[in-house]
Amino acid sequence: MSLGAKRFAKSVAVGAALAAGGTPPPESITRTLLRMMKIGYEPPGVKVVYPGGAPSAACISIDFDATIPERLVPNGTGTSAVLALSERYRIPLTWAMCGRTVEEDWPSYRRIVDSPVRQEVGVHTYSHVDATKVTPEQLKEEVEHCISVLKLPERPKTFVFPWNRVAHFKTIEECGFVAYRDKSRVIGLPKKVQGLWNIPPVWYLDRNSLGAARLIGKVMDLCIASGSVFHLWFHPWSVVEPTPEEFTTEVLEPVFAGMADARDKGRLSILTMGEIGGAMEDGLGRRSG
Ligand SMILES: [Zn+2]
């Protein structure tokens, strides 16, 4: 089967699982389908009311990191395209900032923090270090260096490990972070891991997502139907191929529009990672049910 045909089959199958009825949808069907897409399925199992009042939540996290010089221009182009959509659909975003990239493209960073729509600024270390290969002291230094570059009015709440390689949780917690994004894709409720709330990713956007907007929409519907968190993530430079316009029209715009529609119908609270982590910390898990 071609990639397009496979995607079509998956989206029909996810649609059928949803149409089979029940909230949450039948677990056996859903779990098998999601396994094909390498997505875990751990729905809350109880009714959850997320901040904003909806029975499900979504967030979008973006790793702002031009780790090779050729990515600096696409990083800026992608940032502009995504901010335009965030502002058009009033969808807040969560940015994981690599301090060095912020220094290299200060105007793009300023556009983010000056946006009229809520943009959470998180940390992705200063020089994109692999946390598993440095000491806790070196990681702390990388975090503090990044924070000093960001010049924020308050300390950031969200940390994204470069390459999602996790280590030294205690250090990250001591730096004041509450939320992070683990590597494994899971549809479910955030879980606390060694003092930090993991807001698990569900879908990564890059050129493999071209032609997959319908499938992504179905996966979002499944998150909504099961009371889970729909967490989308990408890099600004991963959403500009073959051209920024084409990726926006084919993927970003339909996905943002679908999220905004679900929000406007009261089915989805669109939040930042820090807001979700904060709500979990305040007892969202305990209050649910
Ligand atoms: Zn990164």
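This is a predicted model: local features need pLDDT of at least 70, side-chain atom pairs count only at pLDDT 80 or more; totals for chains, interfaces and linings use all residues.
Figure 1. D264 is exposed, with a relative accessible area of 53%. Elsewhere, D130, K133 and R165 belong to one network, joined by salt bridges that share partners.

**Figure 2. K265 and D261 form a salt bridge.** The N to O distance between the two side chains is 2.8 Å. K265 counts as exposed, at 55% relative accessibility. D261 counts as partly exposed, at 37%.

Figure 3. The whole structure holds 14 salt bridges. One of them pairs the side chains of E281 and K192, 3.1 Å apart from N to O. E281 is partly exposed, with a relative accessible area of 40%. K192 is also partly exposed, with a value of 42%.

**Figure 4. Helices α3 and α5 pack roughly parallel.** Helix α3 covers residues 72-89 and helix α5 covers residues 106-113. The packing angle is about 10°, and the axes lie 10 Å apart. Angles under 35 degrees count as roughly parallel, so α3 is placed in that class relative to α5. On the α3 side, the contact is made by G76, T79, S80, L83 and E87. On the α5 side, S108, R111 and I112 take part. By type, the contact residues divide into two nonpolar, four polar and two charged. As background, an α-helix has 3.6 residues a turn, so residues three or four places apart point the same way.

**Figure 5. The span of helix α8 agrees with its residue count.** Helix α8 runs over residues 213-225, a stretch of 13 residues. At 1.5 Å a residue, the helix should span 18 Å. Its end C-alpha atoms are 18 Å apart, so the two values agree. Buried residues in α8 include A213, L215, I216, V219 and M220. L222, C223, I224 and A225 are buried in α8 too. Just after the helix, G227 takes a positive phi of about 70°.

How values were computed: Residues are numbered from 1 along each chain as its sequence is written. Side-chain values use heavy atoms; hydrogens and water are left out. Axes are lines fitted to C-alpha atoms, for helices over the stretch in contact, and angles run from 0 to 180 degrees between N-to-C directions. Helices (H or I, at least four residues) and strands (E, at least two) are DSSP runs, numbered from the N terminus. Angles under 35 degrees count as roughly parallel, over 145 as roughly antiparallel, 65 to 115 as roughly perpendicular and the rest as oblique. Contact means heavy atoms within 4.5 Å. Ala, Val, Leu, Ile, Met, Phe, Trp, Tyr, Cys and Pro count as nonpolar, Asp, Glu, Lys and Arg as charged, and the others, Gly among them, as polar. The expected span of a helix is 1.5 Å times one less than its number of residues. Buried means under 20% relative accessible area, exposed over 50%, partly exposed in between (1.4 Å probe, protein chains only). A salt bridge is a side-chain nitrogen of Lys or Arg within 4 Å of a carboxyl oxygen of Asp or Glu.
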